[in-house]
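Open the model in your viewer and keep the selection tool ready. The tour goes one selection at a time.

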Amino acid sequence: MLGRTANGLFWMFRNLERAENTARLLDAGLRMAVTRDIATAEDEWRSVIAASGLKWAYEAEHDGYTGHQVWNFILREKANPSSVLAMMEHVRTNARGVRTAITAELWEVVNESWMQIKDALARPVSQGSVGEIVAMVRRAGTLAHGAMAGTLLRNESFHFARAGTYVERADSVARILDLKYFLLLPSLSYVGSSLDKGQWDNVLRSVSGDSAYRWLHAGQIDARGIVEFLVLDERFPRSLAFCHSALRDELAALARIHGREGECNALMREADMRMADLTTEMIFEQGLHEFLLGFMAANSGIAAAIAEDYRFVR
Amino acid sequence: MAERQANFDEMHAEDGSIRPAYSEYCEWHDGQETAWLRRKHADCESNFRKTGITFNVYGEDEAEERLIPFDMVPRVITAAEWRRLTRGIEQRVSALNAFLYDLYHRQEIIRSGRLPVRLLRDNAAWLQQMVGFTPPGGVYTHIVGIDLVRTGPNDWFVLEDNARTPSGVSYMLENRETMMAMFPELFSKVPVEPVSNYPRRLAKSLAACAPAATKGKPNVAVLTPGIYNSAYFEHAFLADQMGAELVEGSDLRVKDGRVQMRCTRGYQPVDVIYRRVDDEYLDPLSFHPDSMLGVPGIMDVYRSGGVTIANAPGTGICDDKAIYSFMPEIVEFYTGEKPLLPNVETWRCSDEDSLGHVLDNLDELVVKEVHGSGGYGMLIGPTSSKKELAEFRKKLQANPHNYIAQPTLSLSTCPIFTKKGLVPRHVDLRPYVLVSPDGIDITPGGLTRVALKEGSLVVNSSQGGGTKDTWVLKET
């Protein structure tokens with residue numbers, strides 16, 4: 001496979017994952033904002049922008065934080081190079097560029113999703129249609145992953161695509177956790193603080209983990225449980241541990257196909273070692289924020305090594 | 001031209017009856033409900049959009065992608081008609097290859113005085129770099145598109161030869177796919193020659209031209225300028241269908257005397273490059289020093305037998321309309337036979353007598369630039385205003401060498417489907433021809449282009465033309 005094609009597949013699925021995660025975050029934010037007073041709602045929108053990594057871009061364009069401004073910025077504004085619309089356009093452009101490495105079915109679902117989303121985002125979005133658009137973006141992801149699972153050869157194409165998915169998912173979940181880390185300090189649960197449990201729900205919902213969590217913990221919710229769930233629980237497909245475990249498998253498969261391991265496999269092993277036998281106690285001892293910073297750095301180190309090992313650009 | 005001869009209608013005879021080629025189709029068509037046909041017509045378009053069969057329009061926003069309109073009424077050719085056409089096409093394509101070999105070797109045709117040397121001297125498509133070199137297998141034009149027009153039951157003419165990088169074959173294939181998806185029952189009623197094996201035939205034909213340096217099974221790659229090129233869809237489609245790599249210039253480099261592509265496991269040699277970039281963008285060392293698109297040194301590898309480039313550089317000279325005007329002589333010179341497929345009558349404006357005739361009859365003629373393509377820069381006398389004619393007259397007088405003129409042909413028509421039912425529109429035909437040391441291979445049919453506007457003679461997609469599925473009926 002061409003290095004450029006591997007790069008295209010990797011980024012096609014990174015961009016798709018990013019669009020999807022941004023949509024989930026927005027959905028959770030909207031739910032939170034509409035059920036709170038105006039001041040809390042404004043905080044919520046601020047945090048949605050921050051969790052999407054868009055603070056500078058947003059504040060360069062807008063003064064305050066109103067829902068209408070925020071969701072339009074996140075979904076479609078030209079001044080936002082990482083808008084959902086821009087991400088989906090990247091996904092399609094990537095797919096066009098790797099057209100020979102993906103199946104017709106995968107290409108067609110990506111192309112159709114793109115046409116639909118582009119159409120829906122052609123005009124400013126009203127509150128009533130945010131939910132519909134979020135669902136469209138989530139469905140775009142579901143369809144692409146489904147078409148891939150059902151039709152794509154389990155060769156390099158598949159593994160580069162999956163590696164892109166998990167690198168991006170790990171990064172975005174870690175980013176959301178880091179933004180909310182102050183809500184998740186164990187001290188809060190100890191003192192039985194007045195912290196609004198709705199905030200915890202919101203953290204879970206922004207990674208589509210609320211119902212899975214409730215199911216596993218029989219409705220009991222606390223900070224320690226959430227951290228354990230989102231960082232360490234390998235059963236949850238958006239936890240950091242799951243993402244890295246899956247990424248490890250993809251990188252191992254690539255090494256097998258190429259008959260040799262690269263720098264990315266070595267870095268993956270180092271990251272695994274740091275995660276092995278990790279407990280929530282150890283995370284809190286180290287400091288959740290510090291832990292997450294370390295995790296994100298390791299994750300992007302692996303991504304850079306993949307690009308280097310497999311000659312993405314040179 | 002006050003009394004223009006009536007056009008040849010390919011479906012209806014003069015007495016209104018259906019011609020034999022279309023009898024089975026029409027019988028089926030008449031049995032369908034109009035509302036259902038209308039719905040199917042709309043379905044066709046959404047089908048094309050979904051599959052992403054689009055082309056980018058030059059000079060528009062990069063993101064702008066258009067569909068070439070598709071008309072669902074097939075253009076039908078009988079087995080006997082097709083047999084005659086293929087003989088003419090084969091003859092012409094053999095002559096083109098022999099001509100190219102001669103131009104880049106002893107130039108017998110010029111020595112014999114049949115072709116003025118000026119046509120090479122003034123022509124950017126003629127490449128000094130190819131002189132004395134014979135491409136692998138002796139093949140210059142691996143893929144050729146011969147544009148044909150029809151004016152009567154047995155009157156077919158060659159309008160243009162496309163030996164550089166003929167495009168459109170993906171539409172031939174997708175048009176058939178769409179028809180089979182929309183109207184499966186039609187294909188069980190009417191015996192139509194298949195076209196879907198074209199990519200396999202292309203792959204085989206290209207592999208048969210592999211260079212001396214090939215080890216094992218030849219590695220074939222399609223070279224595209226990239227996703228913003230107007231024909232990118234076709235490049236990706238063909239690579240996909242052939243199981244070949246789709247490469248851009250930046251994926252390739254010259255290493256150890258071979259052209260190699262950057263793969264995830266390192267550099268790997270490419271044996272045959274089906275390039276969809278123009279000659280001048282192949283190699284910045286040999287052609288455009290500022291081009292970012294090419295592969296530095298690829299021409300040296302080519303000349304030393306390390307890679308096959310299809311079509312060979314320098315074949316574009318055959319697309320030149322001044323060369324075209326000599327095709328009857330060229331065919332005769334190399335095959336010793338009279339051309340089976342005639343040219344359209346052509347006046348070379350470089351001849352003083354011809355120029356006089358052209359200037360006197362400008363409002364009846366079609367005037368084309370010799371190096372032009374895609375319907376750009378041409379004058380259609382009968383539909384032009386006085387002002388346009390006057391302006392063109394000045395251009396002609398200032399630079400007569402740059403033009404040829406042809407009569408305004410009464411192109412045949414074939415019906416298209418509209419809200420008002422079937423209406424006749426002018427069509428042409430581009431069959432696709434593969435050349436390898438094993439022989440000449442013509443896929444039955446080709447791409448029918450249709451002028452969608454009433455009365456229009458311009459079928460180019462860049463000027464509002466559409467396409468149709470083309471059926472060659474099986475021998476019965």
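This is a predicted model: local features need pLDDT of at least 70, side-chain atom pairs count only at pLDDT 80 or more; totals for chains, interfaces and linings use all residues.

**Stop 1: confidence in chain A**

The mean for chain A is 91, and 96% of its residues score at least 70. Which helix of chain A has the lowest mean pLDDT among the elements? Select residues 186–190 of chain A: this is helix α9, with a mean of 55. Then select residues 240–258 of chain A, helix α13, where the mean is the highest among the elements of the chain, at 97. Where pLDDT is low, the coordinates should not be read in detail.

**Stop 2: two domains of chain A**

Select residues 1–152 of chain A for domain 1, and 165–314 for domain 2. Give each domain its own colour. Their centres, taken over C-alpha atoms, are 21 Å apart. In the contact between them, 18 residues of domain 1 of chain A meet 19 residues of domain 2 of chain A.

Now look at the side of domain 1 of chain A that touches domain 2. Select α1 (3–34) and α2 (38–51) of chain A, the elements that give two or more residues to this side. The largest share comes from α1(A), with 14 residues. By class, this side of domain 1 has 8 nonpolar, 5 polar and 5 charged residues.

**Stop 3: where the chains touch**

Show chains A and B together. How many residues does each chain bring to the contact? Chain B brings 17 and chain A brings 18. On the chain B side, select α2 (34–51), α9 (232–242), β7 and β9 (258–263), each of which supplies at least two residues. The side of chain B that touches chain A divides into 7 nonpolar, 3 polar and 7 charged residues.

**Stop 4: a sheet in chain B**

Last, select β11 of chain B, residues 272–275, together with β12(B): the two run parallel and are joined by 3 bridges. Zoom in on B:Ile273, whose bridge partner in β12(B) is B:Ile309. Strands of a sheet pair through backbone hydrogen bonds.

Definitions and conventions:
Residues are numbered from 1 along each chain as its sequence is written. Chains are lettered from A and ligands numbered from 1 in the order in which they are written. Two strands pair if DSSP finds at least two bridges between them. Helices (H or I, at least four residues) and strands (E, at least two) are DSSP runs, numbered from the N terminus. Domain bounds come from an automatic or database domain assignment. Two residues are in contact if their C-beta atoms, placed from the backbone, lie within 7 Å. Ala, Val, Leu, Ile, Met, Phe, Trp, Tyr, Cys and Pro count as nonpolar, Asp, Glu, Lys and Arg as charged, and the others, Gly among them, as polar. pLDDT is the predictor's confidence in each residue, from 0 to 100.
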